[in-house]
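Let's take a walk through this structure together. Have the sequence and the 3D view at hand as you read.

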Amino acid sequence: MTAIMLAVLVGVLFACGAYMILLRGQIKLVLGLGLITHAVNLALFGTGKLTRGAPPIVPHEQQVTAAMAGQFADPLPQALILTAIVISFGVTAFIVVLIYRRDALTGSDLAPGELATVINTSDPFAPFSSRMVMPEAADDYDILQFELDEVYDNPQAEGADE
Amino acid sequence: MNVHPTILAMPVAIPLLFGALSLLMQGIRTPHRVRVQQILAGIAIGANLILALLLLSYTLSGGRMSFQMGLWPAPFGITVYIDGLSAIMLTTVGLLSALIFPFAVATMDAERARLGFYPMALFLLMGANGAFITGDLFNLYVFYEVLLMSSFVLLTLGGTPSQINGGIRYVVLNLMGSMMLLLAAGITYGTLGTLNMAHIAVRMGATPYLVQAVIAGLLLIAFGAKAAAFPVFFWLPSSYHTPHPAVTALFSGVLTKVGMYSLFRTFPLFFPWLLDEWQPLILTIAGLTMVIGVLGAFAQPTIRRLLSFHIISQIGYMFMGLGVAMAPTPYGVGFGLALAILFLVHNQIVKTALLLGGGAVELETGTGKLNELGGVVALRPFQAALFFLAAFSLAGFPPTSGFIGKLGLLEVTFSSGSWVIAAVSVFVSLLTTMSMIRLWQYVFWGKPHSKYRMPKKLATQGASMAMTVPVLILVVLSIAIGVMAQPALDAVQVAASQVIDRVGYVETVGPELTASDLQIPFGNYPADAVAAGR
């Protein structure tokens, strides 16, 4: 019964997480990812046996026998979950920072429609200038601007390390 | 040659040690910090390459090695295992990082170098090396995360708006892929009771087909997402064009290829029979990946966007190789896998050459937009010639490695009867050529624009050498593989025969693993037909 409840719960968490990710808006994205990572951790938890009040500890005098198998839950999945929680926590924190950064840079938590103009033309050999106007948001080369202006053309900026 | 198995800890330990040291340098406020980090990275990358070559020479002479961390016996401890495939991947990645390193030193802006490019590159190397040598499914997941975490930082280093945008997509979609891998590891442990790859291989044959299918499907999705295969490739084209060109080159040589390596490792080891049964599925993925990748490349307006769609397209060829990996051919079982490995190595070399060449053009002219470029052949004739050779190697013209790889894969697919995918791959090669000609036309032909700005830092002789010589070495390597194909084919055939030798894998990792599972039929596929347990 516990196992079935756990399985249903994992499924519900997966479904909610997937739904949240598909919604617009970055906070929902983070919450959805959180739900999905929780679902996976819970699924991992279920791979050990689900028992109550039976710690996986064998008394010092007693021998481990085959008959003991199944009496208590396997502790290994919990060690795996611990690793997985740390990793997914780190990644989620990183995503939150990225989203905060984007918010600070663009003043919006929605992604600009980068590909919209690219899809508009059907002829790959068409000259770009007449067909396509790339919006500022789609400029890939702000990275180069950054380099060229602030560092390369300004020799003393290179030496100033701190 | 005799090597002690503890050497297997070194591919992980060296980058970790030097990465940690240079990360410590981040906290020291000295003007020479970046220089020290560069020296540390140089030592680590050099040592890693030497070590990889040593392991390559050991494994290609037929040797295999495994080591149990902490000397815990096989299914309990963490196993490290090396054979021809791992050693080939270690060597290629070591070589690529050694070639990208001078490019990065010469072109990386002071800001990004100060923010910690070098430590992160070393951690990336550590994650990749760890994924190549591990013999434990959960450990594979952990090394994937090491690889991904450092790639997240490298991708967003500098924090420009386009990098952040691409970074969010990249992180989210890769996290989903990692969750699938973790779920696969969890289900494997829940049903088979082990995470050691050799032990999984022993026990897999006796599990119900449904369980096998779930695990195989999850692994296919997870590794397919890392490798950027058809339905799950979207993270790649939306992020690869944003970071510094050296970072893009490093990613193209390492990240997607680790996904392919994991597929080549796990499928023939865990469930080789599924490679036959699921061949239509895998070949469909392969065909769609190829076609969509190359068609996407036609719509792209910048050099690196175009090249990143070609990465996807080429991944399709490797999936084709995976699909025919166990197919019977006149040259024996496993010849398909051998050619897939050869194609993987070829692609790592050529793609990195193209991205370094294209990145050099972007850095030297200040733009990568095709409509703003032109006439680079007049400015940089030698670099243009190298780019031309690399592009034709990608398309598969003789006498380059692309010709050998594609010809071999075609031969295998035809002789195993999957002629539809063979026809698709030929058609895609044609489209690749067209796409490369289009790139060439826009970037290299024509008159030079007057508004190119050559950054002062790149105007020196040394910087120009650092941007050209790595590409030259890679192109020479590609042509060498094409001209002297026999040694390369011999090497990958040794590697492939080691990969499909499941019994040998288990014997190397721990002979006691089969003894403890007496009831389970286990053997090489298809020679000893494991079908009994299914």
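The buried residues of helix 12 of chain B pack against helix 11 (272–277), helix 13 and helix 18 (419–443) of chain B. Here, buried means that 20 or more other C-beta atoms, placed from the backbone, lie within 10 Å of the residue's own. Helices (H or I, at least four residues) and strands (E, at least two) are DSSP runs, numbered from the N terminus. Among the buried residues of helix 12 of chain B are B:Gln279, B:Ile282, B:Leu283, B:Gly293 and B:Ala297. Helix 13 of chain B is mostly covered, with 21 of its 21 residues buried.

This is a predicted model, in which local features need pLDDT of at least 70, side-chain atom pairs count only at pLDDT 80 or more, and totals for chains, interfaces and linings use all residues. Residues are numbered from 1 along each chain as its sequence is written, while chains are lettered from A and ligands numbered from 1 in the order in which they are written.

Strand 1 (residues 65–68) and strand 2 (residues 79–82) of chain B run antiparallel, joined by four bridges. In this pairing, B:Gln68 stands opposite B:Thr79.

Now to chain A: seven helices and zero strands are found there. Buried residues make up 20% of its 162 residues.

Note on methods: Two strands pair if DSSP finds at least two bridges between them. A residue is buried if 20 or more other C-beta atoms lie within 10 Å of its own, exposed if 12 or fewer, and partly exposed in between; C-beta atoms are placed from the backbone. Two residues are in contact if their C-beta atoms, placed from the backbone, lie within 7 Å.
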